Amino acid sequence: MDYDLASFKPSLVAAGALWLSIQLVSEGEWLPILEHTSTYSVVDLENVTNLLAKSLFMVQFGAHSKKYTASKQKYASATVSLTTRKSD
């Protein structure tokens, strides 16, 4: 948890995460329907998106990135097999 994000409304963080993912994956635009539905414009999302990008960068390349290596490897595969055991 990045405590810098704690001061933002959850809906703003969610919209910022969506905007960041749109930029990273498809380099798309913040469409008018997204602005209408979320009630946030791109200008409103700038600060929270920058903080989210900083958080992602720190997890990937920061001093504590080794802490997350196992989790990143676990979820990097396309399928995660779940093993269930039957108890007799």
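A salt bridge is a side-chain nitrogen of Lys or Arg within 4 Å of a carboxyl oxygen of Asp or Glu. Searching the whole structure turns up 1 of these, and there is 1 aromatic pair as well. Keep in mind that this is a predicted model, where local features need pLDDT of at least 70, side-chain atom pairs count only at pLDDT 80 or more, and totals for chains, interfaces and linings use all residues. Residues are numbered from 1 along each chain as its sequence is written, and side-chain values use heavy atoms, leaving out hydrogens and water.

**The salt bridge**
- Asp-4 pairs up with Lys-54, and their closest N and O atoms are 2.9 Å apart.
- Asp-4 sits in the segment before α1 and Lys-54 in helix α3, so the bridge ties together parts 50 residues apart in sequence.
- Asp-4 is partly exposed at 38% relative accessibility, and Lys-54 is partly exposed at 37% (buried is under 20% relative accessible area, exposed over 50%, partly exposed in between, with a 1.4 Å probe and protein chains only).

**Around Thr-49**
- You'll find Thr-49 in helix α3, residues 42-61 (helices are DSSP runs of H or I, at least four residues, numbered from the N terminus).
- Thr-49 is buried, with a relative accessible area of 6%.
- Leaving aside residues up to four places away in sequence, Thr-49 touches Gly-16, Trp-19, Leu-20 and Gln-23 (contact means heavy atoms within 4.5 Å).

**Buried tryptophans**
- Trp-19, one of the residues touching Thr-49, is buried at 9% relative accessible area.
- Trp-30 is buried too, at 8% relative accessibility.

Definitions and conventions. Phe/Tyr/Trp six-rings, centres within 6.5 Å; stacked < 30°, edge-to-face > 60°. Helix = DSSP H or I, 4+ residues; strand = E, 2+ residues; numbered from the N terminus.
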